[in-house]
Amino acid sequence: MTTMTVSEAILEQLRFSGVERIYGVVGDAIFGLLDAIAKQSSIRWISVKHESVAAFMASADAKCTGKLAVCAAQMGPGLTNLLNGLGDAYMDGYPVLAITGQAPVRKIGTDYKQLINQQELAQALTGFSQLAVHPDAVIPALSAAITTSLTAGTVSHLSIPADLFTLQTLSKPCAPIQVSMGQPDPAMLSQTLQTMRSAKRPMILAGQKAKPASEEIKQLAMAWGSGVVSAYAATGVIPDDFPLALGGLGEGGNPYVTGRFKEADVVLAIGTTWWPEGQTPTNARVIRIAGHETELRIGPPAETGMVGDVAAVVSQLAEALKSHPGDAEWRDQIQRCKQIWANQNETEGRDTEVPLHPSNIVRMIEKHVSPDAIIALDEGDSTLWFMRNFRAQHQRTLFSERWRTMGFGLPAAMAAKLVDPQRQVVCLTGDGGLGMVLADLLTAARYELPITMIVCNNGTLQMERNKMAKKGLIREGTEVANPDYVKLADACGWKGYRIQSAAELENLLHASKVSTHPTLIDVPTSLAVYPDYPTT
């Protein structure tokens with residue numbers, strides 16, 4: 001029989017699954033895999049400076065495409081460093097596969113260097129983790145990992161001893177199982193429509209995973225007469241200019257929408273597990289639509305949960321409600337709420353004093369990004385201001401929604417540009433978040449990724465500083481030491497600038513759209529206190 005090496009079989013199996021990139025850091029336990037990658041051209045190895053960045057990039061890749069994304073690393077510290085990025089994909093429910101080397105088979109169970117039980121280490125942040133110890137077991141285990149990730153929307157992990165990669169295997173790669181997205185049971189659909197028709201004050205809560213159903217949600221909202229509220233980090237799912245779009249709920253959103261949302265008697269939650277305590281109705285009937293059954297295990301309890309192709313399900317509901325009369329008074333309340341916030345939002349973005357107010361920075365970004373741009377956000381105050389003030393068109397935002405880790409912005413922006421080189425990619429980060437991944441400025445330059453990064457520079461971990469002050473605590477540990485970002489950017493192969501005015505920021509944002517180099521814009525940012533931190 002014709003055989004191939006384990007590494008060759010792995011790459012063939014990944015090709016069958018549509019994988020185009022593997023993000024990682026080389027180590028001796030995966031030398032055999034890297035050798036096989038170098039001998040083919042279908043799957044590209046993206047070499048980064050730190051394994052956490054590799055896993056962040058894989059998570060962002062999966063968020064951009066909805067397809068399987070892959071990262072790989074050394075045994076021991078390599079896997080340990082991957083875990084932060086794997087946590088992001090796991091918590092947000094995206095299909096990511098991590099491949100890690102392990103000690104040679106003869107050394108497993110000894111005191112060999114870097115040897116730990118990888119399955120015990122990874123189990124909290126994976127839906128599948130397996131060790132394959134025979135060359136003919138690798139492909140069956142890999143197939144199971146891929147299937148688990150794709151069908152459950154989760155992270156899978158496979159450990160492979162270092163000496164297996166170059167051995168021959170009789171196991172043959174094969175096309176992955178094609179999973180059909182089922183339609184809701186007709187009786188359940190009928191029950192859902194009956195509940196929706198009974199609503200006097202309907203609301204839709206749309207999450208990031210509702211993005212593919214954006215047009216269908218707008219049609220449904222118009223037919224049902226409901227407001228559309230964005231879940232946390234779902235900026236851009238519904239364009240701001242849609243008449244029934246109310247912006248975000250709670251922290252990072254429209255400060256006036258909570259009152260309206262609490263009055264809802266029926267809530268349709270689409271593509272989200274988010275249900276913020278104290279900002280949601282207590283007696284509303286809740287209906288949920290999800291792409292994977294596993295998503296229904298967390299989030300709000302619901303009267304009905306429908307799993308399937310989200311756009312198709314929403315389209316069915318919109319078609320069935322075409323002649324629904326709606327409630328004119330409720331629609332008027334929704335539109336008044338929208339207008340009050342629109343007026344305030346416009347005012348908030350006008351402060352052009354330097355250091356710049358975060359709202360003004362967001363307004364400049366809003367004016368100079370393409371309607372279909374991808375915007376990568378880090379965790380911190382800059383993200384809250386973005387979600388509050390950015391008036392989206394059809395942009396896509398990438399964010400660590402439930403894991404909420406600092407350091408996500410730069411890796412996400414790099415992955416987005418690799419996935420879709422023709423689209424404008426912008427990263428908004430604070431100086432704290434960027435400080436965690438500074439070494440990978442070199443990665444963006446190495447792969448010639450013309451992203452634009454705006455750094456909100458105020459020398460502090462602003463969110464922590466303000467929250468500690470609010471609790472009456474000493475702000476110990478919140479000051480950060482920053483480099484000269486312009487010199488650093490230049491040294492790393494970027495174009496670096498430090499702005500002195502709002503007009504200069506506008507000009508640089510405009511110019512960066514056609515730049516062929518990565519661009520870093522250092523923005524002196526005011527110590528503005530975000531007005532709506534949660535009280536708990």
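The model is predicted: local features need pLDDT of at least 70 and side-chain atom pairs pLDDT 80 or more, while totals for chains, interfaces and linings use all residues. Residues are numbered from 1 along each chain as its sequence is written, and side-chain values use heavy atoms, without hydrogens and water.

Helices (H or I, at least four residues) and strands (E, at least two) are DSSP runs, numbered from the N terminus. Helix H2 covers residues 31-38, and its buried residues (under 20% relative accessible area, 1.4 Å probe, protein chains only) are Gly 32, Leu 33, Leu 34, Ala 36 and Ile 37. Their cover includes helix H1 (6-16) and strands S2 (21-24), S3 (44-47), S4 (69-73) and S5 (96-102), where contact means heavy atoms within 4.5 Å.

Strand S7, residues 155-161, has seven of its seven residues buried. In a regular strand the side chains alternate between the two faces of the sheet. On one side of S7 lie Val 155, His 157, Ser 159 and Pro 161, and on the other Ser 156, Leu 158 and Ile 160.

Strands pair if DSSP finds at least two bridges between them. S7 pairs with S5 in the parallel sense over seven bridges, and His 157 is the bridge partner of Ala 98. S7 also runs parallel to S6 (residues 128-131), joined by four bridges; here Leu 131 stands opposite Ser 159. From S6 the chain crosses through helix H6 (residues 138-152) to S7 in a right-handed β-α-β crossover, meaning that the path from the first strand over the helix to the second runs clockwise with the strands pointing away from the viewer.

Ile 108 is found in the loop between S5 and helix H5 (118-122).

How values were computed. Buried < 20%, exposed > 50% of the residue type's maximum accessible area, 1.4 Å probe, protein only.
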